[in-house]
Amino acid sequence: MSSNVQLAERKFIIGGFFCLIILIYIFRLFYIQVIDDQYVLAARNNALRRMTEYPVRGYIFDRTGKLLVQNEPSYDLMIIPKETKGCDTLALCAVLQMTKEEYLRRYKKACQAPNSPRKESVFEKQMSAPTYAALQEKLYRFNGFFVQKRTVRKYPRPIAGHLLGYVGEVTKEKAEKDQYYREGDYIGVTGVEKSYEVELRGKKGVQLAITDVHNKIIGRYMNGKYDTLAIPGKPLYCSIDMVLQEYGEKLMKGKKGAVVAIEPATGEILAIISAPSYDPNLLVGGKERSRNFTKLYYDSLNLPLFNRALTAMYPPGSIFKLIDALIAQNDGLINRTTTFPCAMGYPPMGGKPKCHAHGGGKSLIGSIAVSCNSYYSYVFREIVDQKKYPNFLDGYNHWRETVKTFGPGTRLGTDLPYDKPGNVPSVEYYNKVFGKNGWRSNTIVSLGIGQAELLLVPLQMANVVATIANRGFYYTPHSIKGVGNERALDKRFKEKHYVGVQNQEAYTNVIDGMQGALEPGGTAYTNRLKDIIVCGKTGTAQNPHGKDHAVFLAFAPRDNPKIAIACIVENAGFGNTWSAPVVTLMIEKYLKGKTERPEVEKRMLEANLIDPKIVVKSANR
Amino acid sequence: MRGEQNNIFAGADRLTIITYVLLVFLGWLNIYAAVYNEEHQNIFDTTQKYGKQLIWIGGATIIAVCILLIDANFYTTFSYGFYGFFLLANVLVLFLGREIKGSKSWFRFGDIGIQPAEFMKFAASLALAKFLSNSTIIVNPNFRLRLKDVIKNYRNTFYALIFIVLPLIIIKFLQNETGLAIVFIAFVIVLYREGLSVNFLIFGILAAILFVVALIVSQITSLIIALAVICAASFLFIPRNKKSLIMVLLVFGGASGVVFGTNYVYNHLEPHQKVRIDVLLGRGTVNLKKEGYNVNQAKIAIGSGGFFGKGYLQGTQTKYDFVPEQDTDFIFCTVGEEWGFVGSTCVLFLELFLILRIIFLAERQRSDFSRIYGYGVAAILFFHVGVNIGMTIGLMPVIGIPLPFFSYGGSSLWAFTILLFIFVKLDANRLLILR
């Protein structure tokens with residue numbers, strides 16, 4: 001009997017065991033239902049399908065309202081492999097003109113990671129209009145396939161490829177980093193398409209639909225409470241003048257180099273040309289885009305994808321004398337009447353740097369007009385070795401820092417991607433090259449005439465001439481007038497940047513000299529214009545890559561300047577021969593609408609300076 | 001007095017019956033939610049599972065009433081008869097049944113399917129109760145270690161085990177219904193209540209732990225070494241004589257056997273069973289889209305319910321077929337998602353209350369038969385609840401057994417109803433039994 005009583009006690013153990021297990025379950029339930037919220041997220045992911053509505057990308061206009069970039073509808077054929085049961089595969093292959101093997105290859109691809117048999121992925125990218133039309137008719141027979149509408153870019157004029165950039169598929173890394181993008185989305189890759197991506201792209205619309213385990217859509221989630229409409233991209237008003245841009249590109253055809261034109265009063269870029277260029281329509285679409293891109297990318301002779309206007313660093317040559325003249329006057333070292341000797345070269349260094357026959361030692365105005373090398377070797381030394389700085393290194397740093405206020409040696413901070421800073425060599429650099437105390441102002445005197453290690457990108461050259469036209473300040477060059485109908489513009493582009501030279505008389509003298517360059521005896525006399533006063537400066541930049549680069553910069557008209565422009569033609573020779581005509585023709589075009597020098601225009605349009613047989617390495621990259 | 005005796009509910013435990021009705025009703029509501037279909041919104045639509053369940057419920061009610069009408073002695077008298085009948089049915093189904101999902105365990109009568117294995121549970125409970133009420137399995141603690149004495153002491157335990165193991169073998173190995181077969185293990189609880197030595201349970205639990213550890217630890221040899229070290233160390237704390245040395249060696253041998261056996265058993269499991277164990281123990285890489293799908297989706301459904309749930313018929317996971325078998329084995333997912341933590345806990349408490357109530361009732365029985373049968377009912381119900389809910393919340397491997405009174409299905413509902421109501425009848429009859 002006692003054993004029976006003992007056994008009866010076991011009911012507590014059994015009941016307790018039951019309670020314990022249930023208690024453990026309740027704790028577990030509390031954890032997964034109340035504490036851990038990963039399941040809530042997973043559930044939402046499970047049951048909701050996000051259907052994307054792609055917005056129309058913003059149009060791009062030029063400064064006069066002409067259309068530069070528009071959109072064309074494009075149709076991607078999407079597949080959800082799990083739903084293709086009963087699809088008329090043969091008919092589909094016939095419409096798409098693909099073989100059965102190709103179909104199976106793509107089907108398999110759509111099933112494998114990162115795609116999923118239950119999720120949609122692109123089967124055929126950007127179908128042609130006829131294909132789409134044919135497909136649309138039979139789409140009901142193609143289970144598991146549907147058409148996703150998107151838009152692609154279209155360029156009415158084949159110009160400004162470098163400026164506008166192109167739109168391409170987003171990279172995997174970007175898609176992982178940026179929540180907005182999903183793999184397969186499009187994104188601006190270069191140019192203003194990249195700079196103003198956020199404004200241009202608009203906002204994708206999302207429709208949430210509830211799906212079952214087979215990913216079939218069952219209904220709208222919360223009756224569309226969380227759905228959003230696609231917001232179209234904002235229109236972009238470019239600052240470039242389409243006519244000027246197109247004209248400049250025509251003039252630069254057959255040449256390598258760059259032209260940058262800026263409106264000095266605003267810093268707006270009127271034209272930005274990198275030659276050789278390419279038709280932006282080539283970089284549209286899926287298959288064709290990659291084929292054309294490859295072709296352009298591997299054109300090592302012309303490097304058409306290389307945006308010289310922003311990234312090619314050239315020795316500026318004689319145009320740099322303008323900055324020297326301004327700094328020396330500002331420091332009170334020279335004035336309008338100052339002369340320096342010239343003996344076909346710079347006498348203290350035994351006639352190096354060399355100069356050309358221009359008839360005697362010139363005053364400041366004449367030295368600019370005839371571009372005397374000896375004069376600016378002296379000027380450079382005056383600045384570096386001035387009494388104010390007992391140590392010439394301080395003098396050099398003073399020169400360097402003042403030069404940098406004009407832009408060279410720093411990135412200008414334009415809105416276009418990938419501009420290079422150029423180079424104004426530092427004291428440390430020369431200490432390394434020549435050894436400490438191993439160099440004097442004379443050692444580096446060719447910096448004064450824009451040679452040696454001095455390097456500028458064409459945009460900086462144009463900025464220098466715009467600064468001179470403005471007599472001491474510039475606006476950061478930018479490529480747009482504004483975004484959207486309100487023409488919104490970043491306030492940093494409305495900010496005046498004052499350079500290190502504010503002596504107004506110095507500017508008058510330099511501008512007189514630049515005007516003189518296009519007057520009798522001046523280096524660019526042959527490119528004078530009849531009724532527009534152009535102030536310019538030639539440059540013939542020696543470079544380690546072959547024949548001299550032809551450089552010219554100018555602004556016009558002299559009073560109330562409307563355009564400041566710089567041009568460089570690689571390995572072409574004299575600045576006056578090849579660059580000045582481009583600049584002056586573009587000034588005529590911009591200010592008057594046409595040229596009065598048809599023979600110059602004809603010569604420039606026909607000139608082909610690219611010798612396909614000679615591979616010359618283009619400028620420093 | 002006379003009128004009361006005519007009432008079939010006379011003496012029947014009201015709490016038990018109310019809990020039962022509540023569970024069945026909640027189950028039906030959740031089946032409706034789980035297979036909810038906008039085209040068939042009528043809950044009485046008999047083309048749908050919830051309509052059919054209503055028919056099953058109607059059938060169960062009739063069965064319950066019949067059981068209460070029949071004299072209690074009928075069950076005690078024909079215990080072995082039931083056992084034999086259903087054992088035969090379980091064998092016959094192999095020849096007469098229709099194959100569904102690789103197992104031949106269903107009799108088909110037109111549209112209706114009956115699974116005899118479900119009814120084996122109550123038959124085995126009756127038979128076990130009958131056997132144990134006439135013979136003791138209590139072991140004399142001081143018996144001498146001689147073959148004759150061992151046989152004398154353990155013979156009844158062995159017979160009792162046969163009542164349990166026989167249907168288990170038939171259902172597992174002949175019908176290939178692992179879930180239905182494994183339930184019979186629950187009768188160990190009954191044996192424990194009736195005097196099975198605690199040592200057996202401890203050894204069983206230790207062996208189970210060792211089994212799991214052996215599955216998790218990949219290095220079998222290092223596990224054996226660890227066991228050897230433990231055994232050697234334990235030698236320090238026990239009297240060092242020949243007898244204890246033999247004991248330690250026996251324990252070590254047994255443990256090693258379990259470890260090696262683990263590998264053998266695991267390797268001879270069917271692929272899906274291996275996967276279920278892997279999923280539970282987190283062995284290897286579990287692909288949530290394939291083998292881990294069920295459990296993961298079940299957890300998502302329950303976990304996304306939150307504290308108060310998404311509301312009735314508002315569960316996106318169960319409603320849209322993300323959870324497989326959501327009306328039968330995974331019905332608890334619907335509860336978890338739509339009724340939240342509050343609802344899940346209520347259901348758990350209801351089931352627990354019913355089980356504890358049965359234990360309470362069993363303990364007040366005058367006859368051993370009724371008590372033992374009651375424990376059989378409690379054990380079977382608890383096993384189902386524990387395993388079924390445990391698998392949906394990822395604490396048990398996936399074993400296909402229904403949640404008592406909740407899951408869709410006529411066989412299981414009827415079988416549980418019979419199981420429970422025989423006990424209710426026995427309990428109602430308790431005062432008429434003379435000790």
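Start in chain A and select A:P276, which sits in the loop between β12 (268–275) and α12 (287–297). The structure on screen is a predicted model.

Next, go to A:P557 in chain A, in the loop between β17 (546–556) and β18 (563–569). A:A556 and A:P557 are joined by a cis peptide bond, with omega about -15°.

**Backbone angles in two loops**

Select A:Q97, in the loop of chain A between α4 (89–96) and α5 (100–111). This residue is not a glycine, yet its phi is positive, at about 55°. Is A:Q97 buried or exposed? A:Q97 is exposed, and its relative accessible area is 75%.

Then move to A:S371, found in the loop between α15 (364–370) and α16 (373–384) of chain A. A:S371 is likewise a residue other than glycine with a positive phi, near 60°. A:S371 is buried, with 5% relative accessible area.

**Salt bridges**

Show the charged side chains. How many salt bridges are there over all chains? The count comes to 31.

Select A:K154 and A:E72, whose side chains meet in a salt bridge of 3.9 Å, N to O. A:K154 belongs to strand β5 (residues 145–154) of chain A and A:E72 to strand β3 (residues 67–79) of chain A, so this pair ties together parts that are 82 residues apart in sequence. A:K154 is partly exposed at 32% relative accessibility, and A:E72 is partly exposed at 34%.

Now select A:K592 and A:E596. Their side chains form a salt bridge of 2.8 Å, N to O. A:K592 counts as partly exposed at 32% relative accessibility; A:E596 is also partly exposed, at 35%.

A:E401 is partly exposed, at 41% relative accessibility, whereas A:R400 is buried, at 14%.

To finish with the charges, select A:R57, A:R153, A:E193 and A:E197 together. Salt bridges link these four residues in a network.

**Aromatic rings**

Switch to the rings of Phe, Tyr and Trp. A search of the whole structure gives 46 aromatic pairs over all chains. One of them is A:F17 with A:F18, a tilted pair with 6.2 Å from centre to centre and 50° between the planes. A:F17 is partly exposed, with a relative accessible area of 41%, while A:F18 is buried, at 0%.

For a group of rings, select A:F320, A:F380, A:F392, A:Y396, A:W399, A:Y429, A:Y430, A:F434 and A:W439. Ring pairs link these residues into a cluster.

In chain A, select A:W578 and A:R603: the charged end of A:R603 sits over the ring of A:W578, 4.6 Å from its centre. In chain B, select B:F173 and B:K172: the charged end of B:K172 sits over the ring of B:F173, 5.1 Å from its centre.

**A surface patch in chain B**

Select B:V198, B:I202, B:F203, B:I205, B:L206, B:I209, B:V213 and B:V251, which form a nonpolar surface patch with about 680 Å² of accessible area together. Which helix gives the most to the nonpolar patch? Helix α10 (residues 198–216) of chain B does, with seven residues. B:L206 is located in helix α10 of chain B and is partly exposed, with a relative accessible area of 48%.

**Cysteines**

Return to chain A for the last stop. The count of disulfides over all chains is zero. Select A:C535 and A:C567 to see one case. The cysteine sulfur closest to that of A:C535 is in A:C567, 18 Å away, which is too far for a bond; a disulfide needs the two sulfur atoms within 2.5 Å. A:C567 is in no disulfide, and its nearest cysteine sulfur is that of A:C535. A:C535 is buried at 0% relative accessibility, and A:C567 is buried at 1%.

Technical notes: Residues are numbered from 1 along each chain as its sequence is written. Chains are lettered from A and ligands numbered from 1 in the order in which they are written. This is a predicted model: local features need pLDDT of at least 70, side-chain atom pairs count only at pLDDT 80 or more; totals for chains, interfaces and linings use all residues. Side-chain values use heavy atoms; hydrogens and water are left out. Rings of Phe, Tyr and Trp (its six-membered ring) pair if their centres lie within 6.5 Å; planes under 30 degrees apart count as stacked, over 60 as edge-to-face and the rest as tilted. Buried means under 20% relative accessible area, exposed over 50%, partly exposed in between (1.4 Å probe, protein chains only). A charge sits over a ring if NZ of Lys or CZ of Arg is within 6 Å of the ring centre and within 35 degrees of the ring normal. Patches are made of residues with over 30% relative accessible area and no salt bridge: like charges are joined within 9 Å, nonpolar side chains (Val, Leu, Ile, Met, Phe, Trp, Tyr) within 5 Å. Accessible areas come from the Shrake-Rupley method with a 1.4 Å probe; for residues, only the protein chains shown count as cover. Helices (H or I, at least four residues) and strands (E, at least two) are DSSP runs, numbered from the N terminus.
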